[in-house]
Amino acid sequence: MPDSQPPFPLADLEAGREAVIVEFKAGRAVTSRLASLGLTPGVRVNMVQNYGRGPLIVTARGTRLALGRGEAAKILVERGNHA
Amino acid sequence: MPDCHAAVAAPERTRLAEAGTPVIALAGQPNMGKSTVFNLLTGLNQHVGNWPGKTVERREGRFDLNGRQALLVDLPGTYSLTANSPEEVIAREFILREKPDLVVAVVSAANLERSLYLVAELAALDAPLVVALNMMDVAEQEGLRVEPHVLEAALGVPVVPMVASKAAGVRELLTVAERVLNGEQAAGPRPPEVRADHCQILAQIEAQIAPHVPAPYPSSWIALKLLEGDAEVTRLMQASMPPETWEAVHDILRAHDDAFLAVASGRYEWIGRLVRAAVTRPRVGQIGLTERLDRWAAHPFWGLVLLAGILGLVFWLTFTIGAPLQAWLEQAAVAPLAGLAAEALTEVPFWLQGLMVDGLIGGVGSVLTFLPILVIFFAAFALLEDVGYMARAAYVMDNLMHLMGLHGKSFLPLFLGFGCNVPAVMGTRVIDSWPARLLTILIAPLVPCTARMAVVAFIAPAFFGANALWVTWGLVLLSLLALVASGALLNRVIFKGQRSAFIMEMPLYHIPNLRTIGLLVWQRSIAFVKKAGTAILAMAMLVWALSYLPGGDLNSSYLARFGQFLEPVGRWMGFDWRLTVALITSFPAKENAIATLGVLFGVSPEAGLTELLAASYSTATALSFLVVTMLFIPCMATVAVTRQETGSWRWTLLSVFLLLALSMAAGAVTYHLAVWMGV
Ligand SMILES: Nc1nc2c(ncn2[C@@H]2O[C@H](COP(=O)(O)OP(=O)(O)O)[C@@H](O)[C@H]2O)c(=O)[nH]1
Ligand SMILES: [Mg+2]
């Protein structure tokens, strides 16, 4: 699978799909909290629940996390087989 | 790769057991079983207070460490030690300043990768460390095999496998703790290194700041926190350094403001190496129980239905078990006791008899009969918290909270408010942004607390019989509507529609631990009984005295005069002076409304208060009284913590006046509407 697709917001990842975090667009305070819960660049996230509106649930590093849609929109991910 | 930490010598530790009582700190991320371990060791022998100057709960307890006493301090549960919240600052300040003889870090074997993040931070603090590898049973269920001794070798600190909920591994933990305290076993961890690309910069910063770092802080740790952009440490160093030197450091930091992610990634790389070594069989891909339950519990529609159902069930339990039990206690204990006391006290002066019979037994006794109701509430909420449901409630409430410019996490303290508004106001600390927190504090008193529900549970059945449950539901709904409406309005007017970040862990569902729940219920019940024995007792005595003085006749007493003075206002809502007085005396504690009525009507062996009330007031008046009680100004304790948490009388008074106006308006409308409809 080629991963030529440009990075897109985590909020747009469909339920059941996986992606890898490439970048945070959020401020330092939010990024710091995301990191302490396991979300750092390069980590693989799995979208568990995403109904297109409202908050969503992801898993990363074996942890289930609830994120607001606004927060998820500021996390850029890409599909593909990173390590 | 240069080793950044080779130069940092471990400091001498001389405080060890010589003071007699070793101090052991318990650290861990939330949901790792920290409280379970704490309760297991200290049992009922624990003290709950506050951290100095903060409203974060501080638990400590004594326990027997193989024949000698040790002090166990439960640090706040935090994901990291970066100053994102007061909890994180408390945890690290305690370790750095108080220098506990041992830090026990509770981690989950089923979630090593995430839970070792805190260990990575703890390792940088040079405290003797033991890792309690908890949740071994969950790991096994998920097909994971974790090798504690491999982890131990890789970490350089003792690792003790545990299943805290089954009390497995406690003895081993104590043995290891003892050996470390006696210096028989090494517990100095190897901290993670910063990624190579930031190693030089870190060394540079450390060299610049080292002469200025104030007392208990290790300069390597301060340098690391500066690089992470930690707000507290940045402020500390700015204040401790000459401006020019600080400028130089600040320039380096500015040039590397992305370093934070490098530090975090470095920690996860360190963790990755540990996990790869220690986990010999990875998780088998399976859809777990949590996944399946969340399809319902976290569903945008069914999740709300479930939440409403759960709340309904709690209230239903209250009415079918709690309320009859309460009524029975009143009939079978309070009334006969009052009769007995009246007979026994015929010799003493009349005022003393009145004080004992009407003030003490009638007032405090009536309040204490609510204990069964409160225990049901406390148990229900402790159970929901323990099984892991609370995070789901927050999640499904996120959309609704958006109406008020808040997010799901604000629902957690509000949920707590159903028990008592005081912890609700204090619990707003989980909210990350100040405007969101302030808004939550302002609307929290609109959550009907158990004390108010107790008043409702007492009065509603007397007037509405079988329909009492529906009336109660309506009152709860009315309060919540008032809450959403006030929240939306305040957000528009005062906060101009700001929003904060919603980031929350969804813990796995657990089989509830009866010990944890039991302890919580016990502690909260004791707190209530203490309140009844002090604040409520004092109030009941005062009310009785005011109803007796000056002439010994109720209808010409000070209390009657005060109530009659305010009666014109009370009339708008259909109250006579007694209901007006009851409402006023509910300020020190909401349950006082009942205690006051108990005193004013006088409890006798023939008729309980409920019958007397039903005979004295119309249904419209009762309904209006219930509405006002639900929305009335927050109790004294809530006002006090509001002042403490907001640090401002302006916000506190706003909260009081908002509710005063709201409750009186709602009461007047209810009364006249009810009269007009011929209720
Ligand atoms: N299966 C299992 N559950 C546990 C274990 N230790 C604690 N728990 C449960 O995990 C949940 C969270 O525990 P708690 O002590 O409140 O976690 P804390 O947030 O770290 O204080 C509770 O339901 C406990 O009963 C364990 O070793 N195995
Ligand atoms: Mg806990």
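1. Basis. The model is predicted, so local features need pLDDT of at least 70 and side-chain atom pairs count only at pLDDT 80 or more, while totals for chains, interfaces and linings use all residues. Side-chain values use heavy atoms, with hydrogens and water left out; residues are numbered from 1 along each chain as its sequence is written, and chains are lettered from A and ligands numbered from 1 in the order in which they are written.

2. Domains of chain B. The domain assignment, with bounds from an automatic or database source, gives domain 1 (23-181) and domain 2 (196-258) in chain B. The C-alpha centres of domain 1 of chain B and domain 2 of chain B are 29 Å apart. Their contact (heavy atoms within 4.5 Å) takes 13 residues from domain 1 of chain B and 9 residues from domain 2 of chain B.

3. Area between the domains. Domain 1 of chain B and domain 2 of chain B bury about 960 Å² between them, 54% of it on carbon and sulfur atoms. Buried area here is the accessible area (1.4 Å probe) that two parts lose on being put together, summed over both. B:Thr82, B:Arg92 and B:Leu96 supply 41% of the area that domain 1 of chain B buries against domain 2 of chain B, more than any other three residues.

4. B:Arg92 forms a salt bridge with B:Asp230, with the closest N and O atoms 2.7 Å apart. On the side of domain 1 of chain B that touches domain 2 of chain B, helix 2 (residues 86-98) of chain B gives the most, with 5 residues. Helices (H or I, at least four residues) and strands (E, at least two) are DSSP runs, numbered from the N terminus.

5. Ligand 1. Of the 18 residues around ligand 1 (a heavy atom within 4 Å), B:Asn31, B:Lys34, B:Ser35, B:Thr36 and B:Asp137 come nearest. A polar side-chain atom of B:Ser35 lies 2.6 Å from an oxygen atom of ligand 1. Polar backbone atoms also approach oxygen atoms of the ligand: that of B:Ala164 is at 3.0 Å, and that of B:Asp386 at 2.9 Å.

6. Interface of chain A and chain B. The contact takes 31 residues from chain A and 39 residues from chain B, and the buried area is about 3,000 Å², of which carbon and sulfur atoms give 56%. In chain A, A:Arg33, A:Arg61 and A:Arg64 lose the most area to chain B, together 25% of what that side buries.

7. Pairs across the chains. The rule finds 3 salt bridges across the interface of chain A and chain B. One of them joins A:Arg64 to B:Asp294, the closest N and O atoms being 3.0 Å apart. Helix 1 (28-36), strand 3 (44-49), strand 4 (56-60) and strand 5 (63-67) of chain A each supply at least two residues of the side that touches chain B; helix 1 of chain A gives the most, with 9 residues.

8. A salt bridge within chain B. Over all chains the count comes to 24 salt bridges. B:Asp137 forms a salt bridge with B:Lys166, with the closest N and O atoms 3.4 Å apart. B:Asp137 lies in helix 4 (residues 136-141) of chain B and B:Lys166 in the loop between strand 8 (159-161) and helix 6 (170-181) of chain B, so the pair ties together parts that are 29 residues apart in sequence.

Methods:
Salt bridge = Lys/Arg side-chain N within 4 Å of Asp/Glu carboxyl O. Polar contact = N/O pair within 3.5 Å; in protein donor to acceptor, adjacent residues only side chain to side chain.
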